[in-house]
Amino acid sequence: MFGQIREWFRAMRSLALLLACVGGAAAIFVAAAGGSGAIGTPLRDGEAKWVLTWSDEFDGADGSAPDPKKWTAETGGGGWGNNELEYYTARRTNSRVEKGNLMIDALQEKFTGPDGVTREYTSARLKTEKLFTQKYGKFEARIRIPKGQGMWPAFWMLGDDIPTVGWPACGEIDIMENVGFEPATVHGTIHGPGYSGDKSLGAPYAVSSVNIADDFHLFGVEWEPNEIRFFVDGHLYETRTPADLPAGTRWVFDHPFFLILNVAVGGKWPGNPDASTKFPQQMLVDYVRVYSRK
């Protein structure tokens, strides 16, 4: 039933402003569809008012690449600083649009990249760097994550000054991370200079289901000056402010950030896949939406 409502919403999103003017029934319809559907359309979140500034509904042709005007595929198999085991590719076998979703497939296959690195797994890592950045706002995505030991899906952001200041001085906001050995838990985290890696500031959130991967969930943050709030399915579970930082460190969440979606395989945190891990594993992204304060 929800899938039908979602498809109806997509077909009608150009009429979102008109529907918002219709009584209670239209309001219920918009809420069920997950928010505003057209750039510049205000979204009411309690008393807060948000305006959609950027989105991807992944409504391209089946089998097509993620929109190149919105996403760039990062490639490579160097471990990404985490001892990850996958090789990220730009192939359609690892990332594509299907049935209104972005699909990121983690595969168990021997793959040698153009850099000569060989890995036993492949996956995809997509970013909006140099295509879209924003300072402050509401950032959310409706995602069904993969599952299994060694799987590490994430929806996150990095500061756009990373080419000049490096990490973690650029800042990192992890909107959603899951490690396969915690099937009912997601994590929201911030990283910065003096509070990164295993010293980062985060909190877990246990979803009221046996396995988060069994269904779609809405993951988001509301990022404002000196405050970042983390949500799962509309539930606020964590708030971070400069008061949380270790003594002598600084708040670096005051400049534009870009978005990243990826599925890592293995690494320092999730550990490696084992005999219980089934491949392929897939992350489905129904939409990504970004709002600003009205």
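**Entry 1**

I began with strand S5 (residues 95–98) and strand S6 (residues 101–112), which pair in the antiparallel sense over four bridges; strands here are DSSP runs of E of at least two residues, helices are runs of H or I of at least four residues, and both are numbered from the N terminus. I counted two strands as paired if DSSP finds at least two bridges between them. Looking up Arg-96, I found that its bridge partner in S6 is Met-103. The two strands form a hairpin with two residues between them, and Lys-99 in the turn has a positive phi of about 50°.

I noted that this is a predicted model, in which local features need pLDDT of at least 70 and side-chain atom pairs count only at pLDDT 80 or more, while totals for chains, interfaces and linings use all residues. Residues are numbered from 1 along each chain as its sequence is written, and side-chain values use heavy atoms, with hydrogens and water left out.

**Entry 1: the chain overall**

I recorded four helices and 18 strands in the protein chain. Of its 294 residues, 53% are buried, where buried means under 20% relative accessible area, exposed means over 50%, and partly exposed lies in between (1.4 Å probe, protein chains only). The accessible surface comes to about 12800 Å², and carbon and sulfur atoms account for 55% of that surface; the areas come from the Shrake-Rupley method with a 1.4 Å probe, and for residues only the protein chains shown count as cover. Taking contacts (heavy atoms within 4.5 Å) between residues at least 6 apart in sequence, I found that 72% join residues at least 24 apart.

**Entry 2: strand S14 and its two partners**

I then turned to strand S14 (residues 217–224), in which seven of the eight residues are buried. Strand S9 (residues 137–144) runs antiparallel to S14 and is joined to it by seven bridges, while S14 pairs with strand S15 (residues 227–232), also in the antiparallel sense, over six bridges. S14 and S15 form a hairpin with two residues between them, and Asn-226 in its turn has a positive phi of about 70°.

**Entry 3: the seven-stranded sheet**

I traced an open sheet of seven strands in the order S3-S8-S17-S10-S11-S12-S13, with antiparallel pairing. Its edge strands are S3 (72–74) and S13 (201–206), each of which pairs on one side only. Within this sheet, nine bridges join strand S10 (residues 151–159) to strand S17 (residues 257–265), the two running antiparallel, and Gly-159 stands opposite Phe-257 in S17.

Leaving aside neighbours within four places in sequence, I found Glu-74 in contact with Trp-80, Tyr-88, Arg-125 and Lys-127. Its side chain makes a polar contact of 2.7 Å with the side chain of Arg-125, and another polar contact, of 3.3 Å, joins the side chains of Glu-74 and Lys-127. I took a polar contact to be a pair of N or O atoms within 3.5 Å; within protein, one must be able to donate a hydrogen and the other to accept it, and residues adjacent in sequence count only if both atoms are side-chain atoms. The C-alpha atoms of Glu-74 and Ile-260 are separated by 9.8 Å, although these residues are 186 apart along the chain.

**Entry 4: Thr-277 in a loop**

I located Thr-277 in the loop between S17 and strand S18 (281–293). Thr-277 is buried, because its relative accessible area is 8%. Its side chain reaches the backbone oxygen of Gln-149 at 2.8 Å, and, apart from neighbours within four places in sequence, Thr-277 is in contact with Gly-148, Gln-149 and Met-151.

**Entry 5: aromatic rings**

I paired rings of Phe, Tyr and Trp (its six-membered ring) if their centres lie within 6.5 Å, with planes under 30 degrees apart counted as stacked, over 60 as edge-to-face and the rest as tilted. The count comes to 14 aromatic pairs. Trp-152 and Trp-269 form an edge-to-face pair, 5.8 Å centre to centre with 85° between the planes, and this pair links Trp-152 in strand S10 with Trp-269 in the loop between S17 and S18, 117 residues apart. Trp-152 counts as buried at 9% relative accessibility, whereas Trp-269 counts as partly exposed at 32%. I also noted one aromatic cluster formed by Tyr-136, Phe-139, Trp-223, Trp-251, Phe-253 and Phe-257.
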